[in-house]
Amino acid sequence: MSPNTCWLCMTFRAEENGIISKVSLDEVLQWSQSFEKLITSKHGPMIYKTYLKTEHSDENIEFWLACEAYKKITSQRKRIYVARKLFTNYIQPQAPKEINIDSPVKKSIVRNLQEPTESCFDEAQRVVYMHMERDSYPRFLESKFYQQLKYRLRTDNNIPSVC
C-alpha cells in the first residue's frame, strides 16, 4: 500500500456496495452508544463485519445475520435446507466458520434439525451476540478502523478521491 492510500480506503475497496459513501456521520456516532444501535443500523452490520474480517472473527456476525434471515423463512422446506446449511457452516465440530457455543446449545440444535423451527438457533444467536457485545464491539470502538471512519466523515463527509 502506498503512503498516499489510506488503509481504510483499501479495506472498503473490497466492499461491493461502496457502503462507505452511503454512511452518515450521525449513524456512525450512534454506534458508540450501544452494540444494539450498531447491529440494527442500516450500514453498521456490514461495516462491523469488515472490521471483524481484520480480526479474523467475522464468522460471528455472519452467523448472527444468517440467523436473522433464517427467522424470516416461511417455507418449512426451505427452513430445513437453511437450518442444515447453518449447522454445517457454523455449528458442527470443525465447521468452516465454527462459532464458539457450548455443548448443550449445540445438542439442542442437533435435536431440532429434524423439524427446525423459526427459533431453533435463538440460543446460539444470543450467545454469539453476547460474545460480540462483550469482546469485539469494545475493540471496534477503540480501533483505528472506527476512529478513522469518524474522522473522515467529520472532515469531509466522504472518502477523498485518492481512494
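In the predicted model, Tyr 48, Tyr 51 and Leu 52 of helix H4 meet Met 132, Ser 136, Tyr 137, Arg 139 and Phe 140 of helix H8. Sorted by class, this contact of H4 with H8 comprises six nonpolar residues, one polar residue and one charged residue. The two helices, H4 spanning residues 44-54 and H8 spanning residues 122-142, pack at an angle of about 85°, and their axes lie 11 Å apart. Because angles from 65 to 115 degrees count as roughly perpendicular, H4 and H8 are described as roughly perpendicular to each other.

Of the 163 residues of the protein, 45% count as buried, and the exposed surface comes to about 9300 Å², of which carbon and sulfur atoms supply 49%. When contacts between residues at least 6 apart in sequence are considered, 64% of them join residues that are at least 24 apart.

With residues up to four places away in sequence left out of the count, Tyr 137 touches Trp 31, Ser 32, Gln 33, Ser 34, Phe 35, Leu 38, Tyr 48 and Met 132. The C-alpha atoms of Tyr 137 and Tyr 51 are separated by 9.9 Å, although the two residues stand 86 residues apart along the chain. Leu 141, also found in helix H8, counts as buried at 15% relative accessibility. Its contacts, again not counting residues up to four places away in sequence, are with Trp 31, Ser 32, Tyr 146 and Gln 147. For Leu 141 and Phe 35, which lie 106 residues apart along the chain, the separation of the C-alpha atoms is 9.9 Å.

Helix H6, which covers residues 76-91, has Arg 79, Val 82, Ala 83, Leu 86, Phe 87, Tyr 90 and Ile 91 as buried residues. Seen down the axis of H6, these buried residues fall within an arc of 145°, and they therefore line one face of the helix. The face turned away from the buried side of H6 carries the exposed residues Arg 77 and Tyr 81. The packing partners of the buried residues of H6 are helix H5 (59-71) and helix H7 (103-112).

In helix H7, the buried residues are Val 105, Lys 106 and Ile 109. Viewed down the axis of H7, they fall within an arc of 100°, so they line one face of this helix. Pro 104, Lys 107 and Arg 111 are exposed residues carried by the face of H7 that is turned away from its buried side. The cover over the buried residues of H7 includes H6 and H8. Lys 106, placed in helix H7, has a relative accessible area of 19% and is therefore classed as buried, a value that falls under the 20% cut-off. Leaving aside neighbours within four places in sequence, Lys 106 is in contact with Ile 91, Glu 98 and Ile 101; Ile 91 is itself one of the buried residues of H6.

Outside the helices, two residues other than glycine adopt positive phi values. His 56, which is not a glycine, has a positive phi of about 60° and is placed in the loop between H4 and H5. With a relative accessibility of 70%, His 56 counts as exposed. Gln 94, likewise a residue other than glycine, has a positive phi near 65° and is placed in the loop between H6 and H7. The relative accessible area of Gln 94 is 72%, and this residue is therefore exposed, the class being defined by values over 50%.

Methods. Residues are numbered from 1 along each chain as its sequence is written. This is a predicted model: local features need pLDDT of at least 70, side-chain atom pairs count only at pLDDT 80 or more; totals for chains, interfaces and linings use all residues. Side-chain values use heavy atoms; hydrogens and water are left out. Buried means under 20% relative accessible area, exposed over 50%, partly exposed in between (1.4 Å probe, protein chains only). Helices (H or I, at least four residues) and strands (E, at least two) are DSSP runs, numbered from the N terminus. The arc is that of the directions from the helix axis to the C-beta atoms. Contact means heavy atoms within 4.5 Å. Axes are lines fitted to C-alpha atoms, for helices over the stretch in contact, and angles run from 0 to 180 degrees between N-to-C directions. Angles under 35 degrees count as roughly parallel, over 145 as roughly antiparallel, 65 to 115 as roughly perpendicular and the rest as oblique. Ala, Val, Leu, Ile, Met, Phe, Trp, Tyr, Cys and Pro count as nonpolar, Asp, Glu, Lys and Arg as charged, and the others, Gly among them, as polar. Accessible areas come from the Shrake-Rupley method with a 1.4 Å probe; for residues, only the protein chains shown count as cover.
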